[in-house]
Amino acid sequence: MNLRKYLKVYKKFLHTSLASELEYKTNILVDLITAILSLIGSIFLLSIFFQNNGYIGGWKFEQALIIQGIYTILNGITNTWFNPNLTEIVKHIREGTLDFVLLKPIDSQFFISLKKINPSGFLEIMLGFFLLSFCIRINQINLSLSFLTLSFITISCSICILYSLWFFISTTTIWFVKTWNAIEVLRSFLYIGRFPLNSFSFSLRVFFSIIIPIAFITTIPSEVFLGLSQLWKILLEVIVATVFLMTSRKFWLFALKSYSSASS
Amino acid sequence: MISKLINRKIFTLLKVQYSNMLEYRVEIALWAISGIIPFFMLNIWTNNNLNESINISDVMLSRYFLCAFFVRQFSVVWVVFSFEEDSLMGKVSPYLIQPINPFFRYFAQHLAEQITRFPFALIIIFFFFIFNPESIWIPNSGILLLSIISTFLSFLIQFLIQSIVACLCFWTEKASSIERLLFIPTLFLSGLLAPVVSFPTYVKSWIYLTPFPYLIDFPANLLSGNETNISGGLSMQILWIFLLFPLFKKIWAEGTKKYTAMGT
């Protein structure tokens, strides 16, 4: 694989989609306000949970805020890359323009998962980092090298898992064409990533760690932040992320075999 | 004579839209599933005994969230997204020539979707009762009728608000981002994630003046048999409809004057 070529192509992707998105400047502003309000809303909801209780599932309010920060970053990444590209995939398949993508001398998964970008998601990512640095202060976390590496590893794994989940659903578009509602289901499930896993009942906890590994996405990185995480959990997350990434790749290649274009 | 004509038009529209919606049964089923967030919230509330502090028993709280789910199912509105797509594709032009306001078409679409959704919502409720048999109850017919009316009024309020936002398409073309912005207070303040009773006093002091608690909290409390002011709630719902309807008519009249056809 020619890394330099892919980097060069990605630069072009960035350039073209930023240029087209920046045409709607007020839209970006509205999206920013939406992201801020949504963060305020979730902190408000958390404060309702904590108004008469010191702990939820063993987490203090200040600690639960870390989860919110990580969730906001991941949600920003979803809005920047996964969501706009999924829209494109659906369009490609419905209109049959996936043919053109497949004919290009470039990896099709790379092309369809990174083609588009939505700049308003950046602001949400920044908002998340802002909240996280605030949490680091109020929780008095020491910024050591091992902490930084571990949190980098776990958050990257979360991004990989999240990407694979989105890409799985995008891939099913090849058979079902309309996948908007499946995405809505995923989104509503992801919503529980805003809360510590331990605050749910045992059966839901099992469901969200084995069947849809949402638990891994926010809870494990937050535990790393608090220095509570055991090594086996981090290793498990790395394994889950690798398996998910590889399966999503296999699944895409498998799905392409049943792709039968659309008449124009 | 005139009312008969209108009746026939609406009836025909409904019939067309219903057969249209029946084609998308799977999508609607998935959409029904995506509304289960209230059940996750219920799980957090009861699993951490948060309800003790607001004096609602486990059973009453589970009924509340079940009703919140149910009310939400029948008051989901997406007219902005339909209208935005139609207006970008230039489909609005032929609708404008027809001797009926195009919003009747969307209205019929929503009603037809609700009829299609009904059996799926019942299935989800059935499963809920299997897992929580102690929360089974049968509301008396008077309450049932009143809650159906107030759910419909809640749907009307949301439909009017979204129609007003949709009319902004005449000016900005991307009205859906404004709708996403408005959705955030709806999500957090309507009582979908936490009953309004549990809100801190500094919010409760003004929230009943906004339309939000009448969207889900009021109908859900009514249906589940929790304490609520029936006549006050219904009259506030009607008041909001009377406030929003003239606004919609005005913005519609202004917008159609601004309208420039798009598409081919």
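This is a predicted model: local features need pLDDT of at least 70, side-chain atom pairs count only at pLDDT 80 or more; totals for chains, interfaces and linings use all residues.
Buried residues make up 40% of the 264 residues in chain B.

What is the secondary structure of chain B built from? It comes to 13 helices and zero strands. Read from the N terminus on, the elements run α-α-α-α-α-α-α-α-α-α-α-α-α. How compact is chain B for its length? Its radius of gyration is 20 Å. The globule rule gives 18 Å for 264 residues. The two values are close, so chain B is as compact as a globular protein of that length. The C-alpha trace can also be followed along its principal axes. There, chain B spans about 60 × 40 × 35 Å.

Now turn to where the two chains meet. On one side stand 31 residues of chain A, in contact with 27 residues of chain B. Which helices of chain A each supply at least two residues of the side that touches chain B? They are helix 2 (25-50) and helix 8 (180-190). Helix 2 of chain A gives the most to this side, with twelve residues.

The side of chain A that touches chain B can also be sorted by class. Nonpolar residues number 16. Polar residues come to twelve. Charged residues number three.

Notes:
Residues are numbered from 1 along each chain as its sequence is written. Chains are lettered from A and ligands numbered from 1 in the order in which they are written. Two residues are in contact if their C-beta atoms, placed from the backbone, lie within 7 Å. Helices (H or I, at least four residues) and strands (E, at least two) are DSSP runs, numbered from the N terminus. Ala, Val, Leu, Ile, Met, Phe, Trp, Tyr, Cys and Pro count as nonpolar, Asp, Glu, Lys and Arg as charged, and the others, Gly among them, as polar. The radius of gyration is taken over C-alpha atoms; the globule rule is 2.2 Å times the number of residues to the power 0.38. A residue is buried if 20 or more other C-beta atoms lie within 10 Å of its own, exposed if 12 or fewer, and partly exposed in between; C-beta atoms are placed from the backbone.
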